[in-house]
Amino acid sequence: TGRRVRALRGRTLDFTGNPFEQAAADCFSSEPDGLVIIEDGRITATGPWNELRHAVPEDVPVETYPDCILSAGFIDCHVHYPQLGMIAAHGEQLLEWLEKYTFPTEAKFHDRAHADAAARLFMRELLRAGTTTAAVYCTVHVQSVEAFFEEASRYDACMIAGQSLMDRNAPTAMLQTAQQAHDDCVALIGRWHRRGRQLYAVTPRFAPSSTEALLEVCGTLLRDHDGLYMQTHIAESRAEVEWVSRLFPTRANYLDTYAHAGLVGPRAMLGHGIHLDEPELCTCHATGAALAHCPTSNLFLGSGLFRLFDALDPDRPVRVGLGTDIGAGTSLSQLRTMGEAYKVAALQGSRLGAIQAYWLATLGAARALYLDDRLGRLAPGYAADIVVLDPGATPLLQARMALCESLEERLFVLMTLGDERAVRATYVAGRRVYDRESARQFTYA
Ligand code: GUN
Ligand code: ZN
């Protein structure tokens with residue numbers, strides 16, 4: 001009694017290896033007519049429909065998605081939920097963009113009702129894009145964090161989030177003292193870290209808006225609490241990197257402003273990292289810190305081209321995931337993000353393969369977040385966080401897909417032409433929370 005069993009039928013796609021270390025063909029498996037059996041929010045079996053159909057209890061209806069691909073849900077390693085309303089703000093590069101658009105937008109989150117509405121829209125748009133886990137920046141306001149975690153909990157989605165901390169170089173109303181930051185975070189960690197599937201991230205916005213005292217507080221929080229995340233920005237634009245060298249003259253490099261305070265290690269997610277040098281990449285590799293590659297943001301703000309294959313160099317691979325970085329980024333879709341990552345690599349003479357791209361958006365991201373024991377695969381024991389992709393979502397996609405000869409080719413066309421329209425449904429913890437075809441579309445857990 002009470003066992004919640006579900007069965008999904010469609011083409012399955014699962015990752016079994018790292019396509020930046022091995023041949024792509026050896027890194028995934030796909031069942032053209034596959035079945036996924038779910039019990040109490042977890043996948044218990046996957047395999048060919050013909051072999052596994054008898055394992056489905058008689059009273060359990062099979063949810064069938066003909067011509068669709070069942071994959072682990074996408075993971076967004078870097079996104080600002082309060083910035084969804086200021087996406088597509090014209091004309092500025094990073095530092096001016098923050099002053100002109102970002103800070104005024106985030107200031108509105110002192111109002112809990114505003115934060116609630118924004119969190120609700122953000123979660124819906126995330127699920128509409130097939131993203132089931134994200135590392136999320138809130139604002140400096142405690143209410144913004146409460147609003148987000150409450151909304152994520154309604155879907156029972158595994159989310160990583162935290163209060164954005166600043167104690168200099170931002171409007172006064174958005175600044176805190178290091179002590180206030182500490183006390184707010186202790187309370188938020190107590191309320192939300194590991195409550196259900198929620199995880200807390202200590203979130204100093206970036207070095208220019210932090211004093212050493214604030215970064216020290218972040219280090220203290222990480223030492224005092226088990227399993228916390230740390231997220232921040234690093235080396236996104238040249239002007240920012242120069243500013244940091246002036247603000248922290250005694251630090252060896254940008255990464256050292258964080259490392260010195262004890263912020264760089266496993267479960268650290270550093271956004272961008274476009275202008276990191278070789279010693280900094282080596283430190284990321286050695287410490288287990290990860291980078292979030294945010295191509296739509298980097299192109300939109302003109303920040304530069306992330307050297308993905310350099311970061312992933314097999315001699316000292318850095319953990320990397322993809323981030324949408326809304327609102328500097330221009331889409332919440334990981335398909336669009338993969339497509340832009342391909343172009344950023346192309347501009348540097350490299351070729352990002354489709355299997356590599358989908359791995360980055362699923363299992364690679366889970367590895368970067370140290371969640372690859374439970375997220376990022378369509379396999380027994382993994383969370384039933386699943387995206388149902390529809391490769392024939394539009395007439396153009398249908399026409400183009402008809403000319404594809406392999407799954408890899410179809411996945412490449414999908415990441416180049418696809419977006420939210422290509423997400424047929426999204427499952428979180430075994431429940432269908434988004435259904436493109438139903439009138440209501442969204443369902444809370
Ligand atoms: N650096 C510091 N804050 C931000 C932000 O909100 N967005 C981006 N893209 N970079 C940042
Ligand atoms: Zn960001």
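How many disulfides does a search of the whole structure find? The search finds 0, a disulfide being a pair of cysteine sulfur atoms within 2.5 Å. Before the details, a word on how to read this: the model is predicted, local features need pLDDT of at least 70, side-chain atom pairs count only at pLDDT 80 or more, and totals for chains, interfaces and linings use all residues. Residues are numbered from 1 along each chain as its sequence is written, chains are lettered from A and ligands numbered from 1 in the order in which they are written, and side-chain values use heavy atoms, with hydrogens and water left out.

Take Cys68. The closest cysteine sulfur to its own is in Cys404, 15 Å off, which is too far for a bond. Cys68 counts as buried because its relative accessibility is 6%; buried means under 20% relative accessible area, with a 1.4 Å probe and protein chains only. For Cys284 the closest cysteine sulfur is that of Cys282, at 9.3 Å, so again too far for a bond.

Now the cores, meaning sets of buried Ala, Val, Leu, Ile, Met, Phe, Trp, Tyr and Cys residues joined through side-chain atoms within 4.5 Å. The largest has 120 residues, and Tyr81, Phe148, Tyr258, Leu291 and Tyr358 touch the most other members. Domain 1 (5-72 + 376-435) and domain 2 (74-187 + 201-220 + 233-352) both contribute residues, so this core lies between them; the bounds come from an automatic or database domain assignment. Apart from it is another core, of 19 residues, including Cys158 and Leu369.

Terms used. Buried < 20%, exposed > 50% of the residue type's maximum accessible area, 1.4 Å probe, protein only.
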